[in-house]
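Here is a short tour of one model, sheet by sheet, with a few stops at single residues. Have a look at the sequence and the fold before reading on.

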Amino acid sequence: MAVRPITAIPHDAAVLRAKAKRIRHVDRSIHRLVEDMIDSMHAASGVGLAAPQIGVSLRLIVIGLPDERPFALLNPEVVKRSGERFLPEGCLSVPGYRGRVARSSRVVVKATDLQGRDVRIRAQDDLLAQALEHEINHINGILYIDQVRDLEDLSRLTPADPEEASSGE
């Protein structure tokens with residue numbers, strides 16, 4: 001297990017902007033990668049992390065909500081979404097900024113877990129719904145700043161905002 005550096009724009013834009021590759025089979029290297037991702041997410045005080053955010057172009061995300069055990073999803077995709085809500089959002093790969101973006105009120109995600117089982121996750125009007133959309137966008141080469149509708153909805157954080165500066169997905 002290791003904490004890996006978080007890739008960030010503009011330096012690591014290529015891996016962040018590429019559509020990640022599907023995971024065909026789960027082996028020991030995928031389990032190690034998941035452990036590293038969880039360690040890296042916790043070290044950066046994030047609630048989610050996608051493999052491209054540590055420079056690995058695979059369709060793999062981890063989610064670690066406060067007071068809940070972190071979990072990994074392989075090849076996740078949003079299969080249903082509805083509603084709309086506007087939320088403040090940050091990103092470990094876009095340090096120093098926060099923006100207001102539109103997210104679905106309700107999402108249904110299908111994926112595979114680390115044991116190779118198909119799973120469906122339903123989330124509505126909560127941090128899980130937001131994190132799922134945010135991280136799945138990452139594996140599709142989309143950053144939250146692409147979804148900020150108005151530049152006035154994007155703000156630069158200052159060191160005086162330590163809590164906001166460290167929060168991200």
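Leaving aside its neighbours within four places in sequence, which residues is Glu 133 in contact with?

## Glu 133 and its surroundings

Keep in mind that this is a predicted model. With the close sequence neighbours (within four places) set aside, Glu 133 touches Arg 81, Arg 103, Ser 104 and Val 107. Glu 133 belongs to helix α3, and this residue is buried, with a relative accessible area of 4%; the cut-off for buried is under 20%.

What about His 11? It sits 122 residues away from Glu 133 along the chain, and the two C-alpha atoms are separated by 24 Å.

## The five-stranded sheet

Let's take the sheet with 5 strands. It is open, the order is β1-β2-β3-β6-β7, and the pairing is antiparallel. At the edges you'll find β1 (48–50) and β7 (118–124), each of which pairs on one side only. On average, neighbouring strands here are turned by 40 degrees against each other, if you ignore direction.

Zooming in on one pair, β1 and β2 are joined antiparallel over 3 bridges, with Ala 50 standing opposite Ile 61 in β2. Helix α2 (residues 28–43) lies across β1, β2 and β3 and runs at about 45 degrees to β2. Helix α3 packs on this sheet too, touching β1, β2, β3, β6 (106–112) and β7, and its direction makes about 155 degrees with that of β2.

## The three-stranded sheet

Now for the sheet with 3 strands, which is open and antiparallel, in the order β4-β5-β8. Why is one side of β4 and of β8 left without a neighbour in the sheet? Because β4 (85–89) and β8 (154–156) stand at the edges, and each has a single partner strand. Neighbouring strands in this sheet are turned by 20 degrees against each other on average, direction ignored.

Between β4 and β5 (residues 97–103), which run antiparallel, there are 5 bridges. Pro 88 is found opposite Arg 100 in β5. Helix α3 shows up here as well: residues 127–139 form this helix, which lies across β4 and β5 and runs at about 70 degrees to β4.

Are they buried or exposed? Asp 67 is exposed, with a relative accessible area of 86%, and you'll find this residue in the loop between β2 (60–63) and β3 (71–82). Asn 75, by contrast, is buried, with a relative accessible area of 9%, and lies within strand β3.

One more thing to look at is a peptide bond: the one joining Ile 9 and Pro 10 is cis, with omega at about 0 degrees. Pro 10 has its place in the segment before α1 (13–17).

Helix α3 is a handy landmark for finding your way around. Buried Glu 133 is one of the residues in α3, and its contacts include Arg 103 and Val 107.

Notes
Residues numbered from 1 in each chain as written. Predicted model: local features only at pLDDT ≥ 70, side-chain atom pairs only at ≥ 80, totals over all residues. Heavy atoms only, no water. Pairing = 2+ DSSP bridges. Helix = DSSP H or I, 4+ residues; strand = E, 2+ residues; numbered from the N terminus. Axes fitted to C-alpha atoms, helices over the stretch in contact; angles between N-to-C directions. Contact = heavy atoms within 4.5 Å. Buried < 20%, exposed > 50% of the residue type's maximum accessible area, 1.4 Å probe, protein only.
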